[in-house]
Amino acid sequence: MTIYSFYIFDRHAECIYNRRWAAPPVPKSARPMSGSSMTSNGDHPAVRKGLSREDDAKLIFGLVFSLRNMVQKLGGDDDTFLSYRTAEYKLHYYETPTRMKFVMLTDTKQNNLRVALHQIWANLYVEYVVKNPLSPVEHPGGIGVANELFERGLDAFVTAVLPS
Amino acid sequence: MVVFCLFIISKSGGLIYNREFHAGMSKLTSNDYLMLAGSFHGMHAITKQLCPVPPTPVTPLSVAGAPAPSPFIGRPSGLEVLESSHFRMQCFQTLTGIKFLLFTEPQQPNVDVMIRRIYELYADYVMKNPFYTVEMPIRCEKFDRGLDGFVKVRS
């Protein structure tokens, strides 16, 4: 199991925490060159290099926000969006009652991580960020979220609960 | 086994077919369906962009079975399965960019086989219909009947 990245968004649609784990080394046997003639469509992998972390976070927020709205429209108000999968990765989603959104990108073999994301919220975020007397109530720009205890707890959680 | 509905989205993001087989999802106006199809088209493109790993390079082994190497291997695939607490949506994009969305129960097995069979029906009854213009809403009675038969036999 591989975890690629993890994001927390607050209710003001701001990314207050993001974390990436190193991707496994790319196999040297790259794609055959014959594919390069077909890149006129614009959605080839090279597009990825132009995006920064912030742009990625914005894209992910917009995406999960729209997917969540679509799911609610189609399935009724009590329906919740859980995850989606492509051939390359899987995105897991958990939303707290206070509209904080926890998003995790993993490989495709991972089962649904809603429970794990809930645990991250309950055992790490609430314990180390919400209950921290020095951290503000809201976290504009991510102030107070990325403290040492939270980061260490997250690392320990990821290695213990989701072994690679 | 329950299949809720089927959407077909053209390569430019327009909804060209929608059909409900089984009640269970909210009823929306046709305008809403059109809007959802359009926004799904955009979301599908974003899921391609977000790919954190380069797509797995083709090994000679996996190519051996295919009739001809596709120019699309080595590209990220975009959203394939979406899960929610009430339904599961399988998206199948053909090489020509048409998307088939099939909404089923969350614990439905073998949806990918079903969706390929629906693609076959589409190829047989819609693409081979001389009165059908591409990118236009699908109004083919035989396709409707074929779908009905197929979905009923399986449920």
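**Figure 1. Contact between helices α3(B) and α4(B) in the predicted model****.** On the α3(B) side, the contact comprises B:M114, B:R117, B:I118, B:L121, B:Y122, B:Y125 and B:V126. These residues meet B:K142, B:F143, B:G146, B:L147, B:F150 and B:R154 of α4(B). By class, this contact holds nine nonpolar, one polar and three charged residues; B:G146 is among the residues contributed by α4(B). Helix α3 spans residues 111-127 of chain B and helix α4 spans residues 141-154 of chain B, and their axes come within 9 Å and cross at roughly 155 degrees. The two helices are therefore roughly antiparallel to each other, and the crossing of α3(B) and α4(B) is right-handed.

**Figure 2. Contact between helices α2(A) and α3(A)****.** Within chain A, helix α2 (residues 114-130) and helix α3 (residues 148-161) have axes that come within 9 Å and cross at roughly 155 degrees. This angle makes α2(A) roughly antiparallel to α3(A). The crossing of α2(A) with α3(A) is right-handed. Helix α2(A) contributes A:A116, A:Q119, A:I120, A:L124, A:Y125, A:Y128 and A:V129 to the contact, while α3(A) contributes A:L149, A:F150, A:G153, A:L154 and A:F157. The contact of α2(A) with α3(A) has 10 nonpolar and two polar residues, and no charged residues.

**Figure 3. Crossing of helix α1 of chain A with helix α1 of chain B****.** The crossing of α1(A) and α1(B) is left-handed. From chain A, the residues in contact are A:L59, A:L63, A:S66, A:L67, A:M70, A:K73 and A:L74. From chain B, they are B:D32, B:Y33, B:M35, B:L36, B:F40, B:M43, B:I46, B:T47 and B:Q49. The contact of α1(A) with α1(B) divides into 11 nonpolar, three polar and two charged residues; A:K73 and B:D32 are among the residues that take part.

**Figure 4. The second largest pocket and its lining****.** This pocket has a volume of about 270 Å³. The lining consists of 13 residues, of which A:M100, A:Y125, A:V130, A:V137 and A:H139 are the closest to the pocket centre. One of these, A:Y125, also belongs to the α2(A) side of the contact with α3(A). By class, the lining of the second largest pocket contains seven nonpolar, three polar and three charged residues.

Methods. Residues numbered from 1 in each chain as written. Chains lettered and ligands numbered in written order. Predicted model: local features only at pLDDT ≥ 70, side-chain atom pairs only at ≥ 80, totals over all residues. Heavy atoms only, no water. Axes fitted to C-alpha atoms, helices over the stretch in contact; angles between N-to-C directions. Helix = DSSP H or I, 4+ residues; strand = E, 2+ residues; numbered from the N terminus. Parallel < 35°, antiparallel > 145°, perpendicular 65-115°, else oblique. Left-handed = near helix turned anticlockwise from the far one by under 90°. Contact = heavy atoms within 4.5 Å. Nonpolar A, V, L, I, M, F, W, Y, C, P; charged D, E, K, R; others polar. 1 Å grid on protein atoms, 1.4 Å probe; cavity = no way out; pocket = protein on both sides within 12 Å on 5 of 7 lines; lining within 4 Å. Points joined across faces, edges and corners; volume = space filled by probe spheres on them.
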